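Please look through the sequence and the model shown here before reading on. The report is meant to be read with both at hand.

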Amino acid sequence: MSSDLELPEELVDRPLALVGLTGLNVETNQTHLLIWNSFTSSNRSERPPLHFVLFGVNHAFPLAKPDRTSYEWYIPKGILKRKWMSKHLKQIPGVLVLFYDLEWDDPAWKAKHAECAHLIQTTRMKLMGRGSKLCLVLLQNSPPLPSSEDILAADRAAALCQVCELPPKSLFVLPCRSDHLQGYTLRLESAFYELCQSSYHLSSRAVRSHRDQLNRTNHGYLFVRHQFKIGFYHELKQDVAMAHKHYSQSYAHLLELRITDANVTEVKIVAGYIGYKVWRLSFLLNLPREAIAHFRSHMDFFRLRIGNPLSKFEHHAWLAAQFSTFGSLFDDAIELGLPAIQTQHPGFFYQQSAQQSILRKKACYQDYDALDETVINFLTPLSFGESSQLEFFGQRPWRPSRLSLEPADMKAENDGIAAMLIRERHQGMIVAALTNAVNQFKNHRSPRMKQYLLVQMAEEYCRSENFAEALTLLEPLLWDYRKDFWWMPLTSLLQLGLRCAFLSGRPAEYFTYAVELCSRVTMKSQEEKAQLFDNLIGILQKRIPPPPPDSTAVSLATQLWADQFASLTSGACVTTIVTNTISSFVEVKATFTQKQFAAEDVVELEVHVSYTGPKTIQFTSLHVALNNTAYLPFCQVKDPEELEFEPHQIRHYEFEFAAQSQDIGAELQIVSVSLEMGHDLVAYLRCEGSSSEEFGSSRSEFPSATEKGLSGLFVLNTAEILPRTANVELLIRHDAPALRGECYPLHLELVNREKEDISNVTVTVTTSSTDGRVHDQPKIDGNLSVQLKSEEIATGQTCQWNVFTQMEQPGKHYVTFQVNYEITSEVCNSKCTYKSQYVKTLELETVQPVECEAQFQTIQFQPLRQIPVGEPCVAVMTVTNLSPFPLLLEQGVWKFDPLLTNQPMPNSQLSGLTLQKGEKANDVAVLSLSNGDNRHIRTGSYSLKWKRANQSKVEGYKIPYSASSFDLPEMETWSIPLRIQVKLPAHGYVRESMNMAIIIHNPGTSYVELDVYMSSNDAFMFAGNKQIKIQIYPEDEYELKYNLYPLLSGFVALPPLQLKTTTSAIDQVAEMDQTVLDELVSRYVPTHIYVLPQAKNGNK
Amino acid sequence: MAVCIGFIGKENSPLFLRCINPSQELQFHYIMHTCIDFVEEKIIQSNKSGSDVRELYLGLLYSSEEVKAYGFVTNTKVKIVIIIDSTNSLLRDNEIRAIFRKLHNAYTELVCNPFYTPGDPITAKSFSILVDELLASSSSSS
């Protein structure tokens, strides 16, 4: 019966209406082949759901049984006939189509049409009793005419129909020479499809008509069968809703049957089949809830209907098949777009399927073990055929087609089932179902459910002795349960792993699992742990551990272990266990005592080991690995006394060593702590990082709540080795503030306050600002930094340097002094050379030293707004000392524009002058503008060389003068149209006449005509022209002479002179602007004069 | 009838598990562990809905052929799970709510005990007696 558990192919396939084609000679007739291909080859999905089969003309269809007139004495022998579905799917067509070559105007029309009628008759005879429809297709070469015009065709068609006894609708014409063959076949197909539907409809009605003749007591099977048939016909018709309805009814009838031990398997099998149809159509009709509910009630109904106690395994197999069938139906529906949720998806059904498969296996083994040896031998050659050859689905081969009400032959029954039990060898159904379930749960966000299933899978692998697979599955699972502290599942998994490791002869895995099982978190008794502990110590002495209880294949495993031990040489490593990832029986914490160690300090390291195993343990050695392996010799323990642990003992170890010079400034890190076990074979327990606490004491409830453990310890995993702190002092002497542009000396003095001599001393001096310069010589050019060196400075001694800085901008500047040196000292009995560094920053205030202000003046030191052309004037430079120090000026150098001619002086007037704070000095240069028009000119620049007066020499260095340069103001030039010269004594006396001459010079190129007015005033009487018109030719001059007689003393106004342009209208006279004339007068002609009083004695 | 009651900590570690039949304890540990999946999913769902006040009772977590699991999450994310035999249909939703309420009260009292560190496995005797009583009463009631 196991073959009936799998769903038959005809049940699973989607039923398609069957259309038989006959009369086509495919092998010899090219046209026929073309027609056949056009029906079968092209894309089916867009066409009516039909299945075409080619029958020969003489094909014999299965004969229909004569209809029963009465069911009164009929008792059915089974529920569903095995061949019925495939018969309707493959052999009995819904429509049979006869192709016949016949033209309307065929000359031999009479004969051919008779032959055709004959063919139809014989075919009809063959399908007698079936609901199949017949149709006739005439293959014609001539193109078709519209039927109304072709009277001959109409007549003959009618005649043909009459002879063949066919309704006119069943006669078709196929113009097979046409290019549009495909189009014609498509239209034929839809016609066939309609005929099929009506044919299947007829068939289903025929089945339904039997119903009245049935009675419930005897014909329960037939109720089921008929409804199933009707459902199937509807499915062929593609009427899903109706099919679903009838299948459901059929299923309901099935549940009404009387179920006995004799027919229970048959009913279950058939229930599974009908159920399959119901669920599938429910999903198709988008009624998933209905499908699930139906399935659940199906399972509830049959769950406990086992039948013969021996056939328990069969029952579980059936249940497993139901679950997996439904699971895959559900899965298919999801693929077609049905949404599933976390709590309702195929995974649950697959899981149940796996569960049932496990039970099946268990039942199978149990019952098999209970069987008698003789029975097994007696039944080994099968005494009956395969169930797949029986007439009905789900029946027993040893009682074929017996009525279910017949009393069962218990002996045969038991023997039969026992024989099947003997044959039953488990196929990998469990793992397959579990794999399906795992995938589903993974898809539906249930990682832990997945883990649980994987646990079951591992258990199954172990049971089926596939230990390697089981171990591979276990490894990640252990972690999953361990990380959330689920110790009970973890213990059970570890035990499973231990078993697999033993049976597959793997010392390394065995050792690892045993170590974890011995830890205090696992739920095992102390005795068991002690036993395990002995086993793992035994492994290190090449003793094979005892087999786990109730295990098979012990001898094989023992052999494997012996081989393994033989291959391991003495001292070989069995395994290295990383204790961070498991909950082992040692906890290790390693810590530096400080966060930072100075370079010269001793680095101290502490290791705490807590042992929680069941028995006293002796480790061979302990190593602490740091990120620099050079320290390894300092960080190990080999003394056996120090490495012996009682249960719950904690030991502390301390290590110290000197840091190596390459680690200075770096970080030391504890990489791992390893404990070595065993002599003959060794195993390492390695704690990576510095703490293996993760699965340890945070859960104090499990075995020992009282234990102190290491939980309170704070761990410093890394320690920084600091560079030495320098012990030198740098003294800087200087005379602040610095002056801008000055070569500013800094006097450095480095004092060695170390206890040892220092060597290779370098001092790097760097300025912070980009326009600052620094130099080790008194020069005003330099770099951004300068390095000073000294080979060695003895302890307590000093070394001195001078550096010179120059700042181009006023403000705050920073100068950094970085002192590097080496020192050799003794730490931990070894001489080490250390580098040290000392940094000092100096803030340097820089100020502006002098201020220079330039002015142009007339020769009379009157300020000038414009430089007159061709007339001498002076440039006056006022130098102010802004610095707090007296400044010594070396010289001021004028540099004029080439247009300005200057009478250079041999020495600057400022040379050698010392200016105190706030004092001013003037430097004067006489110059004249040779020619030019009215325009702006750059007059030039002035540069001043200076230095501090009190600082001519610093420690043997001569400080150079610094130069400051200033631009002279930009000036306008002015070419004067008239030059007026006044000759007048410096002063006069009252009532003593004096001479005044006014010379008016025309420097221009044009003739000038002027009116001159000399007005009188109170202070003077004068003689001379009071009003005169004068003409001056170019380059000529005119002299006016006056005799002045002062009347008053004091600083008195002279008689005012006024020049006016003439009003004469001579064109050639260049007219001069009155304002210009006024300005000229005011500029050249003095307005006042000192007049002294007459001496009292009257004498001069 | 209720066959198992379990407390799961904030970080998904088991705090307490008690079942009627001690031989099934391992199996219930596994089942309890799988329940976390459903609890987490339900919490995510309720967070999505965005209401501040969350219903502590989560209702049916999942049902399989053998068992039905009901869940409850305290505000401190301690999960309480009650597992009920699938064949039992007598226990009603409000009865389960009542059991959860009692368990929640018991847990609250436990946390008030200064000798108990939240997150540690529960060893308090009074607590386990109370859970045992609840288990016994819920199974005898049906």
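Residues are numbered from 1 along each chain as its sequence is written, and chains are lettered from A and ligands numbered from 1 in the order in which they are written.

**Confidence and make-up**

The pLDDT is the predictor's confidence in each residue, from 0 to 100. Chain A has a mean pLDDT of 82, and 91% of its residues reach 70 or more. Residues 695-708 of chain A have pLDDT below 50, and beyond near neighbours in sequence this stretch has 26 contacts in the model. Where pLDDT is low, the predicted coordinates should not be read in detail.

Chain A contains 23 helices and 49 strands; these are DSSP runs numbered from the N terminus, with helices (H or I) of at least four residues and strands (E) of at least two. Of its 1100 residues, 36% count as buried, meaning that 20 or more other C-beta atoms lie within 10 Å of the residue's own; 12 or fewer make a residue exposed, anything in between makes it partly exposed, and C-beta atoms are placed from the backbone. Two residues are in contact if their C-beta atoms, placed in this way, lie within 7 Å. Among contacts in chain A between residues at least 6 apart in sequence, 74% join residues at least 24 apart.

**A helix pair**

Helix α20 (residues 507-518) and helix α21 (residues 526-540) of chain A pack at an angle of about 145°, and their axes are 9 Å apart. Axes are lines fitted to C-alpha atoms, for helices over the stretch in contact, and angles run from 0 to 180 degrees between N-to-C directions. Residues of α20(A) in the contact include Y510(A), F511(A) and V515(A), and those of α21(A) include L532(A), F533(A) and I539(A). The contact has eleven nonpolar, one polar and one charged residues. Here Ala, Val, Leu, Ile, Met, Phe, Trp, Tyr, Cys and Pro count as nonpolar, Asp, Glu, Lys and Arg as charged, and the others, Gly among them, as polar.

**A four-stranded sheet**

In chain A, four strands form an open sheet in the order β32-β30-β35-β38, with antiparallel pairing. Strands pair if DSSP finds at least two bridges between them. β32 (914-915) and β38 (962-967) of chain A are the edge strands, each with a single partner, so one side of each has no neighbour in the sheet. Strand β30 (residues 887-896) of chain A is joined to β32(A) by two bridges. L888(A) has T914(A) as its bridge partner in β32(A).

| Residue | Other C-beta atoms within 10 Å |
|---|---|
| D239(A) | 18 atoms |
| E465(A) | 15 atoms |
| N760(A) | 14 atoms |

D239(A) is in the loop between α8 (220-236) and α9 (240-256) of chain A. Its C-alpha atom is separated by 9.3 Å from that of Q197(A), 42 residues apart along the chain.

Most residues other than glycine have a negative phi. E465(A), not a glycine, has a positive phi of about 60°, and N760(A), also not a glycine, has one of about 50°. E465(A) lies in the loop between α17 (447-463) and α18 (467-483) of chain A, whereas N760(A) is in strand β21 (residues 758-767) of chain A.

**Contact between chains**

In all, 20 residues of chain B are in contact with 19 residues of chain A. Helix α1 (residues 25-49) of chain B gives the most to chain B's side, with ten residues.

How values were computed. Predicted model: local features only at pLDDT ≥ 70, side-chain atom pairs only at ≥ 80, totals over all residues.
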